[in-house]
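Subject: Structure for you, with notes

Hello,

Here is the structure I promised to hand over. My notes follow below it.

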Amino acid sequence: MTRIEELEAGIRSLESCVVAFSGGVDSSLVAALAARALGKRALAVTAVSPALATGELDGAREVARAIGIRHETITTAELARDGYRRNERDRCYHCKTELYDRLGELAGRRGYAAVLSGANADDLGDWRPGLRAAEEHAVFHPLLEAGVGKDEVRMLARELGVPSAEKPASPCLASRIPYGTAVEPEILAQIDRAELALKELGYRVLRVRHLGTLGRVELVEDDLAALTAEARSAIVSAVGAAGYGAVEIADEPFRSGSLNRAFARELQLVSR
């Protein structure tokens, strides 16, 4: 049995499912497997809220069409949860609790047997409080359960022709706000404007970290090394136009999940 057949068999045994679907490579692979295994008994659902970056919903819709899974949206209200707005280190727990509450209600109302996530085996080595929320809601993680890590996720996605196979990680906009700084819709909108402006300049992988009136831009190594004085000026102007009084381009290249990985290492040291 191939890896894809193994994963499909696990999903097929559920009989029907709702996939928590962001359009990123992990959830897209799960959605593609679910579509192959369950056909019309699989439904991909994307949560829409102020924390969703511009363009992500359109991207999710395109992926859903390409892989042939039915797709719907729901509105989530994580900003109404005090634990989320406080933005402590368990923010993702409150966000995922809101998501799985809504998906669980949808699944129960319409007769779907399970809710699936795109969590993969590499997530176990990171700080992922959202996994606790998933456990509390009996969410099934096909990739994690099968020991599929990120590299294999991308390989399998390429094998199945998933359009987002090479898509960079794009976590919610709240991840750009330092822990301890309250999440507000105005801040999320400001970050979104700044990142969208940089994408329009041609930067594909980036983050704008919200540090009060300062917007700190993080670029991948190749883009950072290629920066000219003119390009730096364009970046500063674009981010400033989004409402930041000061703009800084980080000297160190962007690394996805670096803040959470550092915190996870701290936890490991404390637990020893």
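Start with the loop between helix 1 (3-12) and strand 1 (17-20), where E15 sits. Please keep in mind that this is a predicted model.

**Confidence**

The mean pLDDT of the protein is 94. A score of at least 70 is reached by 94% of the residues. The stretch to watch is 262-272, where pLDDT stays under 50. The model gives these residues six contacts beyond four places in sequence. Where pLDDT is low, predicted coordinates should not be read in detail.

**Positive phi**

Most residues other than glycine have a negative phi. E15 is exposed, because its relative accessible area is 54% and the cut-off is over 50%. A138 also has a positive phi, about 55°, and is not a glycine. A138 lies in the loop between helix 6 (130-136) and helix 7 (142-145). Its relative accessible area is 65%, so A138 counts as exposed.

G39 comes after helix 2, with phi near 60°. G202 comes after helix 9, with phi near 110°.

**Helix 2**

Helix 2 covers residues 25-38, which is 14 residues. At 1.5 Å a residue it should span 20 Å. Its end C-alpha atoms are 19 Å apart, which agrees. How many of the 14 residues are buried? The count is 13, so helix 2 is largely enclosed by the rest of the structure.

L38 belongs to this helix. L38 is buried, at 4% relative accessibility. Leaving out residues up to four places away in sequence, L38 touches I11, R12, E15, S16 and C17. L38 and I11 are 27 residues apart in sequence, but their C-alpha atoms are 7.7 Å apart in space.

**Helix 9**

Helix 9 runs over residues 185-200 and has 16 residues. From first C-alpha to last it reaches 22 Å, close to the 22 Å expected at 1.5 Å a residue. Which of its residues are buried? They are I187, L188, Q190, I191, D192, A194, E195, A197 and L198. What do these buried residues pack against? Their partners are strand 5 (206-211), strand 6 (214-219) and helix 11 (229-241).

**E218**

E218 is in strand 6, and strand 6 is one of the elements that the buried residues of helix 9 pack against. E218 is buried, because its relative accessibility is 14% and the cut-off is under 20%. Its side chain makes a polar contact of 3.3 Å with the side chain of R209. Beyond four places in sequence, E218 touches V205, L206, R207, R209, A250 and F254.

**T76**

T76 is found in the loop between strand 3 (70-75) and helix 4. With a relative accessible area of 7%, T76 is buried. Its side chain makes a polar contact with that of E78, at 2.8 Å. T76 also touches A47, V48, S49, E98, L99 and R102, residues up to four places away in sequence left aside. T76 and L196 are 120 residues apart in sequence, and their C-alpha atoms are 22 Å apart.

**N87**

N87 lies in the loop between helix 4 (82-86) and helix 5 (91-110). Is N87 buried or exposed? At 0% relative accessibility, N87 counts as buried. Its side chain makes a polar contact of 2.7 Å with the side chain of R91. A polar atom of the N87 side chain also lies 3.4 Å from the backbone oxygen of I177. Not counting residues up to four places away in sequence, N87 touches I177, P178, Y179, G180, T181, A182 and V183.

**Rings**

A pair of aromatic rings is described by the distance of the centres and the angle of the planes. With centres required to lie within 6.5 Å, the count of aromatic pairs comes to zero. There is a charge over a ring, though: R132 lies over the face of Y93, at 3.8 Å from the ring centre.

Best wishes

How values were computed. Residues are numbered from 1 along each chain as its sequence is written. This is a predicted model: local features need pLDDT of at least 70, side-chain atom pairs count only at pLDDT 80 or more; totals for chains, interfaces and linings use all residues. Side-chain values use heavy atoms; hydrogens and water are left out. Rings of Phe, Tyr and Trp (its six-membered ring) pair if their centres lie within 6.5 Å; planes under 30 degrees apart count as stacked, over 60 as edge-to-face and the rest as tilted. A charge sits over a ring if NZ of Lys or CZ of Arg is within 6 Å of the ring centre and within 35 degrees of the ring normal. Helices (H or I, at least four residues) and strands (E, at least two) are DSSP runs, numbered from the N terminus. The expected span of a helix is 1.5 Å times one less than its number of residues. Buried means under 20% relative accessible area, exposed over 50%, partly exposed in between (1.4 Å probe, protein chains only). Contact means heavy atoms within 4.5 Å. pLDDT is the predictor's confidence in each residue, from 0 to 100. A polar contact is a pair of N or O atoms within 3.5 Å; within protein, one must be able to donate a hydrogen and the other to accept it, and residues adjacent in sequence count only if both atoms are side-chain atoms.
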